[in-house]
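Here is a short report for a reader meeting this structure for the first time.

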Amino acid sequence: MEAALEALQSLKLGESPNYTKTAKEYGVSRSALSRRHRGVAGSRTQQYCSQQLLDTTAESELVRYIEKLCQRGLPPT
């Protein structure tokens with residue numbers, strides 16, 4: 001998908017993209033390629049990051065806290 005997106009981004013100014021041809025050339029879905037190129041949909045990684053409630057630091061801190069509770073024999077609630 002990334003290679004197909006790069007091919008579309010390398011088009012000259014004013015040149016309209018041919019999603020069908022590019023999708024067939026790179027073996028990806030035409031509709032997914034079109035949505036990603038137009039910015040309507042992002043990659044799964046981008047979608048996952050926007051749904052996360054905790055950043056990585058807070059998540060690590062929470063895991064350490066839960067592990068401490070488990071070591072003491074206290075169930076995390």
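A salt bridge here is a side-chain nitrogen of Lys or Arg within 4 Å of a carboxyl oxygen of Asp or Glu. How many salt bridges does a search of the whole structure find? There are two. The model is a predicted one.

Side chains of opposite charge can pair when their charged atoms come close.

| Salt bridge | Closest N and O atoms |
|---|---|
| Glu 2 with Arg 36 | 2.8 Å |
| Glu 61 with Arg 64 | 3.2 Å |

Take Glu 2 and Arg 36. Glu 2 lies in helix α1 and Arg 36 in helix α3, so the pair ties together parts that are 34 residues apart in sequence. Glu 2 has a relative accessibility of 48%, so it counts as partly exposed.

Now take Glu 61 and Arg 64. Both sit in helix α5, which covers residues 56-71. They are three residues apart, so about one helical turn separates them. Glu 61 has a relative accessibility of 43%, and it too counts as partly exposed.

**Helix α1 against helix α3**

Helix α1 spans residues 2-9, and helix α3 spans residues 30-38. They pack at an angle of about 55°, and their axes are 10 Å apart. The two helices are therefore oblique to each other. The crossing of α1 past α3 is right-handed.

Which residues make this contact? From α1 come Glu 2, Ala 4, Leu 5, Leu 8 and Gln 9. From α3 come Leu 33, Arg 36 and His 37. By class, the contact of α1 with α3 has four nonpolar, two polar and two charged residues. Glu 2 and Arg 36, the salt-bridge partners, are both among the residues of this contact.

**Helix α2 against helix α3**

Helix α2 covers residues 19-26. α2 and α3 pack at an angle of about 115°, with 9 Å between their axes. Are α2 and α3 roughly perpendicular or roughly parallel to each other? Angles of 65 to 115 degrees count as roughly perpendicular. α2 and α3 are therefore roughly perpendicular. α2 passes α3 in a right-handed crossing.

On the α2 side, the contact is made by Tyr 19, Thr 20, Thr 22 and Ala 23. On the α3 side, it is made by Arg 30, Leu 33, Ser 34, His 37 and Arg 38. The residues of the contact of α2 with α3 divide into three nonpolar, four polar and two charged.

Thr 22 belongs to helix α2. Its relative accessibility is 11%, so Thr 22 counts as buried. Leaving aside neighbours within four places in sequence, Thr 22 is in contact with Ala 4, Leu 8 and Leu 33.

Which residues of α3 are buried? They are Ala 32, Leu 33 and Ser 34. The buried residues of α3 pack against α1 and α2.

**Either end of α3**

Ser 29 lies in the loop between α2 and α3. With a relative accessibility of 37%, Ser 29 counts as partly exposed. Ser 29 and Tyr 19 are 10 residues apart in sequence, and their C-alpha atoms are 9.2 Å apart in space. After α3 comes Gly 39. The phi of Gly 39 is positive, near 85°.

Key
Residues are numbered from 1 along each chain as its sequence is written. This is a predicted model: local features need pLDDT of at least 70, side-chain atom pairs count only at pLDDT 80 or more; totals for chains, interfaces and linings use all residues. Side-chain values use heavy atoms; hydrogens and water are left out. Axes are lines fitted to C-alpha atoms, for helices over the stretch in contact, and angles run from 0 to 180 degrees between N-to-C directions. Helices (H or I, at least four residues) and strands (E, at least two) are DSSP runs, numbered from the N terminus. Angles under 35 degrees count as roughly parallel, over 145 as roughly antiparallel, 65 to 115 as roughly perpendicular and the rest as oblique. A crossing is left-handed if the near helix is turned anticlockwise from the far one by less than a right angle, and right-handed if clockwise. Contact means heavy atoms within 4.5 Å. Ala, Val, Leu, Ile, Met, Phe, Trp, Tyr, Cys and Pro count as nonpolar, Asp, Glu, Lys and Arg as charged, and the others, Gly among them, as polar. Buried means under 20% relative accessible area, exposed over 50%, partly exposed in between (1.4 Å probe, protein chains only).
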